[in-house]
There are 2 protein chains.
Amino acid sequence: MSAPPTHPLDQLITRPTLLLDPDRARRNIERMAARARRSGVRFRPHFKTHQSARIAEWFRDAGVEHCTVSSVEMAAYFAAHGWTDITIAFPVNLREIPRIESLPGGARLGLLVEDPATVHNLGARLTRPVDIWIKIDTGYGRTGIAWHDRDRLESVAHAVAGHERLTLQGVIAHAGHTYAADDPGAVAAIHRESVARLQHVRRDLMEAGVERVIVSIGDTPGCSIVDDLSDVDEIRPGNFAFYDLMQRRVGACGNEEIAVALASPVVAKHPARSELVIYGGAVHLSKDALRLPDGRACFGQIALLESRGWSAPIDGAYVTGVSQEHGIVAAPPPLFERIAVGDLLLVLPVHSCLTADAMQGYLTLDGERIPMMPKAAA
Amino acid sequence: MSAPPTHPLDQLITRPTLLLDPDRARRNIERMAARARRSGVRFRPHFKTHQSARIAEWFRDAGVEHCTVSSVEMAAYFAAHGWTDITIAFPVNLREIPRIESLPGGARLGLLVEDPATVHNLGARLTRPVDIWIKIDTGYGRTGIAWHDRDRLESVAHAVAGHERLTLQGVIAHAGHTYAADDPGAVAAIHRESVARLQHVRRDLMEAGVERVIVSIGDTPGCSIVDDLSDVDEIRPGNFAFYDLMQRRVGACGNEEIAVALASPVVAKHPARSELVIYGGAVHLSKDALRLPDGRACFGQIALLESRGWSAPIDGAYVTGVSQEHGIVAAPPPLFERIAVGDLLLVLPVHSCLTADAMQGYLTLDGERIPMMPKAAA
């Protein structure tokens, strides 16, 4: 067998590098944008996955004008890059009110609340107008007002109504329990249940006198698997731009949609256990893991760089252990034989958001280096 | 009960911030340096834990002149800050030979090898002299030559001898399986076994004609628990500067030695499940977890900021879940009642090395901001 033609990047990469396939990412973005258009819902993608002004332009190319972020600093970063309608989808942090105040006054800003005291605190201190979203827990159990807790819901809505600069927009949920579903049918069932609960909350609010309640939902599995999203008003998925093994597991994507891979030099071979050691560990991939059917942990699946991108993931070739800088790759014999110390392996990540955050930048298959928002100093 | 006196930092911290107690860290460093002196061994601490030139000065204050790092870029960073004897304790990455060549010529540099082909590649390409350490697997099973594989050992030593610029220094091991031990006795047993296996390897090498073989070992549990380290020549622990819950679990430290804590604003309260939600998640703490006796995952234990530092960790108060930016804190009722949205919780991390790497900088209890080595761009 002759060696396959290599990709020109093979000669450039010297250490762990997050490769990005721009065609795949753009297709993922366009597909979700098209689904939102067909469903007649507003598309407010979550930018915490990529954290990059350059990649955000690909969303703009797909007609996107609204975005979601997970921190005030991320809002400041995207506002500085021309985004003028931003929701910070994280319970508002009262310690950052001065920083919220300093965000560009021309940008429309949405904040999440879930208790009346926080609303009053915001209302008393903010001098700029903001949109308010009530965070609802539709079953995930992380944060938000339980969907059936009408008393707390009404007390928050009432609190918002008492402050001139706060405008209640609607209710917002993240059905993150779709990530733990075992198949697309289970994801769709969770999605339907979440939406039904949000509609219930909307009725409660309207009965309490709120005139207009926008319903916003935002998990990648639900928004990828459910084709018709017209029973909500807004979707906020983020991970779908890159996808990953966790999304593949629940049926939200196929291998051809995974748009990032960690290029990792091989630094050792262990024939007795058919393992390769790569320079690519917890500080590159993160420690998010899936469980393989045989019980081993999986921190990523291996592919190889080929002339036009990367190969299909290799059956049985997984990162089964990570320490700070090392990754341990269980390599089936044909892969083990083919790979030498100094070669590159590509790791499809388990959770692309955390891998991107760890790597702080991308190298596209076209050779373009794309920076991310810099991490805040201590 | 009147409110306890607060720490002045309480008013300054607005978002997740890695607090560092400099007195504890300096005591940890001095204690390990003293143990190395008493044992008559060279102390070459691993700087991947802190990754900070400023903190490295605290080691210099304790008489330390040698250091260990985990990447070529980290070697370059510490060389630029005056460190002149550096071991890169990671299997040498052939793709970085040009970067290794560009390290300051005046610095003494140690590289790890474990196969003859890599040695020949290095020998043929390097134009600067380097020290060579043979990486030995004493039972951890991550990487290195199996301690009983005399053939491979001799072939590597023979390869080194054939290259003028490569000087064999000795054998090096990381008994990382001490991290999984259940008590100090088990740690000490693993340490003794590792050392005995390295001594065995040393004898093999000397019988094969190598005149001088330095034995280097380097895990924090072993070096913390075993008082007399005189049966090796060099120790390379790193984590001990900060310690963490993982080290406490194996008995390598007490609560009073843990020197870092993630200050995290509380953003929501959930009375029905006695949970607090903090701004402090996977991108701050990392996803390294311990298992609590009741089966829950633990990503950190809670303490509170007090006038002179932080409190003892609070029984039963753990971070039991993390997503990208959220942490879920199981709060016993007395803590739950005391804490309001907007307050700070401090999280003692499970694995301080990964938390520090994620946070990219420190704020000391004295109010000093300490930067870390910047992450390499994509």
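A polar contact is taken here as a pair of N or O atoms within 3.5 Å, of which, within protein, one must be able to donate a hydrogen and the other to accept it. In the predicted model described here, such a contact, at 2.7 Å, joins the side chains of A:Thr178 and A:Asp219. A:Thr178 is found in the loop between β8 (166-173) and α7 (184-207) of chain A, and, because its relative accessibility is 0%, A:Thr178 counts as buried.

The strands of chain A around β4 are considered next. Strand β4 (residues 85-91) of chain A is mostly covered, seven of its seven residues being buried. Strand β3 (residues 67-69) of chain A pairs with β4(A) in the parallel sense over three bridges, and within this pairing A:Cys67 stands opposite A:Ile86 in β4(A).

A backbone feature of note is found at Tyr243 in both chains. In general, most residues other than glycine have a negative phi. The phi of A:Tyr243, by contrast, is positive, with a value near 55 degrees, and B:Tyr243, likewise not a glycine, has a positive phi of about 55 degrees. A:Tyr243 is found in the loop between β10 (234-235) and α9 (245-250) of chain A, while B:Tyr243 has its place in the loop between β10 (234-235) and α9 (245-250) of chain B. A:Tyr243 is buried, with a relative accessible area of 4%, and B:Tyr243 counts as buried at 4% relative accessibility.

The contact between the chains takes 63 residues from chain A and 63 residues from chain B. The area buried between chain A and chain B is about 5200 Å², of which carbon and sulfur atoms give 50%. Across the interface of chain A and chain B, eight salt bridges are found; in one of the salt bridges between the chains, B:Asp288 is joined to A:Lys287, with the closest N and O atoms 3.0 Å apart. Between chain A and chain B, 30 residue pairs are in polar contact, with both residues at pLDDT 80 or more. On the side of chain A that touches chain B, the elements that each supply at least two residues are α3, β4, β11 (260-270), β12 (275-279), α10 (282-285), β19 (326-330), α12 (352-359) and β21 (361-364) of chain A. Of the elements on this side, β11(A) gives the most, with five residues.

Over all chains, the count comes to 50 salt bridges. In chain A, the side chains of A:Lys375 and A:Asp357 meet in a salt bridge with an N to O distance of 3.0 Å. This pair links distant parts of the chain, 18 residues apart, with A:Lys375 in the segment after β22 (369-371) of chain A and A:Asp357 in helix α12 of chain A. A:Lys375 counts as partly exposed at 27% relative accessibility, whereas A:Asp357 is buried, with a relative accessible area of 8%.

In chain B, a salt bridge of 3.2 Å, N to O, is formed by the side chains of B:Arg26 and B:Asp61. Because B:Arg26 lies in helix α1 (residues 22-39) of chain B and B:Asp61 in helix α2 (residues 53-61) of chain B, the pair ties together parts that are 35 residues apart in sequence. B:Arg26 counts as partly exposed at 34% relative accessibility, and B:Asp61 is exposed, with a relative accessible area of 55%. The side chains of B:Asp233 and B:Arg202 also meet in a salt bridge, at 3.2 Å, N to O. Here B:Asp233, in the loop between α8 (220-225) and β10 of chain B, is linked to B:Arg202, in helix α7 (residues 184-207) of chain B, the two being 31 residues apart. B:Asp233 counts as partly exposed at 29% relative accessibility, while B:Arg202, at 18%, counts as buried. In chain A, salt bridges that share partners join A:Arg42, A:Arg44, A:Asp85 and A:Glu234 into one network.

Note on methods: Residues are numbered from 1 along each chain as its sequence is written. Chains are lettered from A and ligands numbered from 1 in the order in which they are written. This is a predicted model: local features need pLDDT of at least 70, side-chain atom pairs count only at pLDDT 80 or more; totals for chains, interfaces and linings use all residues. Side-chain values use heavy atoms; hydrogens and water are left out. Buried means under 20% relative accessible area, exposed over 50%, partly exposed in between (1.4 Å probe, protein chains only). Helices (H or I, at least four residues) and strands (E, at least two) are DSSP runs, numbered from the N terminus. Two strands pair if DSSP finds at least two bridges between them. Contact means heavy atoms within 4.5 Å. Buried area is the accessible area (1.4 Å probe) that two parts lose on being put together, summed over both. A salt bridge is a side-chain nitrogen of Lys or Arg within 4 Å of a carboxyl oxygen of Asp or Glu.
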